[in-house]
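Hi everyone, thanks for making time. Let me put the model up, and then we'll walk through a pocket and some backbone geometry.

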Amino acid sequence: MLDKFDTLLADSKTRLLDHDEALHLAECSDTPALMSVASRIRDRGHRNVVSFSKKVFIPLTHLCRDVCHYCTFAQVPRKVKAPYLTPDEVLKIAQDGAAAGCKEALFTLGDKPELRYRAAREGLRDLGQESTLSYLRDMAELVLTETGMLPHLNPGLMNADDLAELRKVSISMGIMLESGSDRLLEKGMPHHGSPDKIPARRMETIRLAGEARIPFTSGLLIGIGETRRERIESLLMLREANHGYGHIQEIIIQNFRRKPETLMANAPEPDLNELLWTIAMARIIFGESMNIQAPPNLSPGVLEQIVDAGINDWGGVSPVTPDFVNPEAPWPHLTNLARETANAGKHLIERLAIYPAHAMSMEAWLDDDMQPLVRQHIDGEGFARMDIWLAGAVVDAPQSDLARVTAIAKSTPSADLGAVVERAVAGEALVAADVVRLMQARGDDFSLVCQAADRLRHEVAGDEVTYVVNRNINYTNVCYFKCQFCAFSKGKMSESLRGRPYDLSAEEIMRRTREAMDRGATEVCLQGGIHPEYTGQTYIDICRSVKQVAPDIHIHAFTPLEVWQGAKTLGKSVPEFLGELKEAGLGTLPGTAAEILDDEVRADLCPDKINTAQWLEVMEAAHEQGFNTTATIMFGHMESYRHVANHLLRVRELQARTGGFTEFVILPFIHMESPVYLKGNARKGPTFREAILIHAVARLVLHPHFRNIQASWTKLGHEGARACLNAGVNDLGGTLMNETITRAAGASHGQETSPEEMEAIIRSVGRIPVQRTTTYGRPSTLQVQRSFGAEPLADPVYTSAKRYERTRRAKRELERPGLVDSEERISGADIV
């Protein structure tokens, strides 16, 4: 049977064992062979990571109406100080946990003790509560509101109404099946006298949780008198309960530990072989996607073997509270747990109580009020944010990730990832699944991707790092579009955005241009909102104003949105309008307005903006007109790695046809003042790992069609930009002078990075700084000399656009391309 199953594993579409096959496998005693199969299945689904949740344990009550023969958590009233923790006690535990960086508040309690004990009923009465579950709900809400910690609830049996009410204040719940065998209820067996341990009743709670769309945990307690066949039957019961719902996030395999003063104090504990056998069987029965967990505190000294058996999760680990269910087994220190996990060839990573797959589809699994709280805590894959670094904020980068950019791997990177990297370096076109795999790189895999990208950078672009001395001129912040990420534009009064609307005069644009030239600039970058009174002629006039005072300066201006809108307002085609802009002096176009080139994201992020096809159409038309453009991505908000993959592949495909992009620019999302974040609909931008990694991924995925990969110092800060120079980046963009768009979103990295600062950053990593022009030529000696030691900027003048300080609207019908009225969308389904 094992040989047959091993053969099936060779098929990329491995099926799960059916019921009879799984039961037949119960006769297999070759634990090492099962572990080998199980670990391979695990690696397909979970790669090189093993997760844990940093939690605090809140034992709301030790009273329970059940009398399980192995349990010391449940106590009788005379042995407890009080029937229930008070609200102050609950809050103190939670506050201590929050201070220690915990994100999960695990509520554990006995099952409906008021049905057995008068003391419980009186305790509830004194608390003003109807039931233990009503008190649980209120305490979960208290912890959530006062500390921001995310509750996971283990309250025992629940009906549909209970589940619906508790779902409002939690991100996950659970109930251990322990065993599906009714035999354990018989006299002399561990569940005798425990009505809540009847398997059918526990399975009904699990089924109802599926109907209620609640992320749920369950599992087995092994070594309490069950047979191996009964374990398999129990696992199959859980698999069947999950079928059709997909709500079971994890299967816990917990080994029985005997405890003094219990009826099973002298019972034999399951040996290591039994634990490993059961873990391997759970993995084989549930397949690659399920999370299989074993508590690390119950098996000290053998954690590497447990990893080898097929787990991908250690469960909750608390730096604050003991394991009240197994008080004799202290939690391992996280440093030690990370080391032992690494010894098994895996990277330890934090998760929330809701696992990544459910977190990334939270709209289907969480109450509306819980979703913004989860978004604040996750990265683009759904794992927990493990550091305090934020794009745009002046915060030190996490040293562990900084070190990994250049560190020598301590273990062998994942073989599947190595194969993807090899194909990318060879210039092969990747598919979306390959790009997603690159974005998932963590630990030594992260080092592999960054270092491969940097070697490729050296081969393609050498050791020079380029930058351009330029000035941003944002000519208006009035905009009638409703991009949900934008904190720069004014006019959307419902967004309560800060600052007054302005519309620069031609004289101020010319003054800023002259000043830029005098300070050594070779480029002015012109962008702004889509003012409701602007037409294509406005953009033509802006170009002429610039050229009037600085004929030699390069105009880098107008995103595909301005081009599309300008053409429409003049009744011209996009190519015709581009030709007129060229005659007026336009040199190149920025590739902003791209955001994420996937209409699945754009439908929520920027629904009335140009869609994916329109952005690509304008860029292709610009290239055909002889314009060079940049390409950008703005990430870390609503998208997943799948959407990032689609974006990169679409840009690569266009570049392969036209060759018109000069560089690819990565723009991490700045969340602080962004409406979409303030409304709770976006993450806090990328993590530091993601912010560095995407530059490396871009270098690999876009090879050989892009020579230049650019990092944005306004988003990353100087420290982040420096790290990117070791991860495939060869360009730091512009000095900018008047940067306002990123600062409006809440960034704190300043308006300008001078040439002196640029060159110091570049030299600090042993590279060669070189000033460039917009099109990667060399500026004149005179302009280079002017750029160093430049005089401070004069105070800018902003012409108020007073009519847009109210909700008054322009009378002209406004052009809206985008997805609002369009049936044509390009989404992930087109590539993935």
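Helix α3 (31-46) gives the largest share of the lining of the second largest pocket, 5 residues. Helices here are DSSP runs of H or I with at least four residues, strands are runs of E with at least two, and both are numbered from the N terminus. A pocket is an open set of points on a 1 Å grid over the protein atoms alone, where a 1.4 Å probe fits, with protein on both sides within 12 Å along at least five of seven lines; lining residues have an atom within 4 Å of a point.

This is a predicted model, with local features needing pLDDT of at least 70, side-chain atom pairs counting only at pLDDT 80 or more, and totals for chains, interfaces and linings using all residues. Residues are numbered from 1 along each chain as its sequence is written, and side-chain values use heavy atoms, leaving out hydrogens and water.

Back to our pocket: 39 residues line it, and G45, H46, R47, E381 and Q440 lie nearest its centre. Other elements that supply at least two lining residues include β6 (248-255) and α25 (641-658).

Now the backbone. Most residues other than glycine have a negative phi, and most peptide bonds are trans. Yet A593 has a positive phi near 75°, and E595 has one of about 50°. Both sit in the loop between β14 and α23.

Finally, H703 and P704 are joined by a cis peptide bond, with omega about 5°.
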